[in-house]
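Please examine the sequence and the coordinates before reading each solution.

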Amino acid sequence: MALAAASLLLFGLPSVLIISFLAITRVVSRCQSPKELKGRAVLITGCDSGFGHHLAKHLDSRGVVVFAGCLFPEGHGAQSLKKDCSSNLKLLKLDVTSDEDVQKAKEVVQANLPEKGLWAVVNNAGITDWAEIEWSTTDDFQKMVDVNLFGCIRTSIAFLPMVRASKGRMVYVSSILSFFNCLNMGAYSVSKRGMEAFADCLRVEMASFGVKVSIIQPGNFGPATNILRRKTGSDIWERLSDERKQMFNRQYIDLASEYFMTTCNSGFTNTEMVTDAMVHAITSSHPKYRYLLVSKLDMFFFYAFPYLPTFLTDAIFTLSPMYHRRKAMLFSK
Ligand SMILES: NC(=O)c1ccc[n+]([C@@H]2O[C@H](COP(=O)([O-])OP(=O)(O)OC[C@H]3O[C@@H](n4cnc5c(N)ncnc54)[C@H](OP(=O)(O)O)[C@@H]3O)[C@@H](O)[C@H]2O)c1
């Protein structure tokens, strides 16, 4: 009896105190008013299309000074921003793989800062591709990492002093594929997992300066943006060496291509969930560290996935029907 009372005191009391503390800080933070965005500036990369494009329009409608980084400022997407938005929105030519573009963009932002300064940078620019690792070249990995990882590192290092001065926000658009290690997405996962490592380290360093860092992890929004580039089985087949053609037969590559496109086309058809999360990360007084954006049905699965033991996460793929078809087709010769 005495032992039970002592262990209750030892373990029960601290747990109650910790839970109460967490609950109180959460309630207090929720009661704090969201940041007033008017008069502040936000830089977004990759505004030619997709999430970045929609976010730029939304923030412009709320009176934010938007610096919209575009890969092709003369292209259709950039020109539609110019036509539909107020004069507060400024188009920047910003290829995130170019030191020169980033430097020039920094000069333009510095010269056009509103009174309240640069509040946030949304690292959104990105590309994707699919292929098994053995069907890829080092250059394929390099290209992906140059845009998705080094692009955001380059942009962050350039703009951090301005964001630090306003105790603002750094936002990183990652993906569920940063931790969901499925077939065909090796290069993309490498780039996004690297991005998350960068953002996590930055969050710790920036905490003492009052800058908050958030990671957005969208699931499948293939039909809602321009991220999907059509690629056929022949595109892959033609690049394979004879040795690999013998291992990975043509029928399997066609199946993989069909499976990939069908999966991507079954995603969300509008960007709202993602742009809402971006806006929350920029405006809330208590932004989340991570915004996991999948359907309610899938939420628990994706939330738990990174914490499961590796043998289990591997088994989710190796026991799947697609993996079995792959095995059957590759070893049926
Ligand atoms: N859609 C999804 O299902 C999904 C899921 C998870 C994560 N994401 C991530 O969300 C972010 C936005 O993608 P999205 O889905 O909105 O696709 P998107 O419509 O293709 O938008 C990506 C934007 O980045 C631009 N871009 C490409 N290379 C660039 C470079 N070197 N420098 C600057 N900008 C560049 C693209 O310009 P161009 O159009 O001119 O090429 C485009 O405007 C990406 O980081 C992506 O990885 C998307």
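**Exercise 1.** Determine how helix 5 and helix 6 pack.

*Solution.* Step 1: the axes of helix 5 and helix 6 are 7 Å apart, and the packing angle is about 20 degrees. Axes are lines fitted to C-alpha atoms, for helices over the stretch in contact, with angles from 0 to 180 degrees between N-to-C directions; helices are DSSP runs (H or I, at least four residues) numbered from the N terminus. Step 2: helix 5 and helix 6 are therefore roughly parallel, a class that covers angles under 35 degrees. Step 3: helix 5 and helix 6 cross in a right-handed sense (the near helix is turned clockwise from the far one by less than a right angle).

The model is a predicted one, in which local features need pLDDT of at least 70, side-chain atom pairs count only at pLDDT 80 or more, and totals for chains, interfaces and linings use all residues. Residues are numbered from 1 along each chain as its sequence is written, and side-chain values use heavy atoms, without hydrogens and water.

**Exercise 2.** Characterise the crossing of helix 4 and helix 5.

*Solution.* Step 1: the axes of helix 4 (residues 99–111) and helix 5 (residues 138–165) come within 10 Å and cross at roughly 20 degrees. Step 2: helix 4 is therefore roughly parallel to helix 5. Step 3: the crossing of these two helices is right-handed.

**Exercise 3.** Identify polar atoms of the protein that lie by oxygen atoms of the ligand.

*Solution.* Step 1: on the backbone, a polar atom of asparagine 124 is 2.8 Å from a ligand oxygen, and one of aspartate 48 is 3.3 Å from a ligand oxygen. Step 2: on the side chains, a polar atom of tyrosine 188 lies 2.6 Å from an oxygen of the ligand. Step 3: the protein buries 93% of the 880 Å² that the ligand exposes when taken alone (accessible areas by the Shrake-Rupley method with a 1.4 Å probe; for residues, only the protein chains shown count as cover).

Key: A polar contact is a pair of N or O atoms within 3.5 Å; within protein, one must be able to donate a hydrogen and the other to accept it, and residues adjacent in sequence count only if both atoms are side-chain atoms. Angles under 35 degrees count as roughly parallel, over 145 as roughly antiparallel, 65 to 115 as roughly perpendicular and the rest as oblique.
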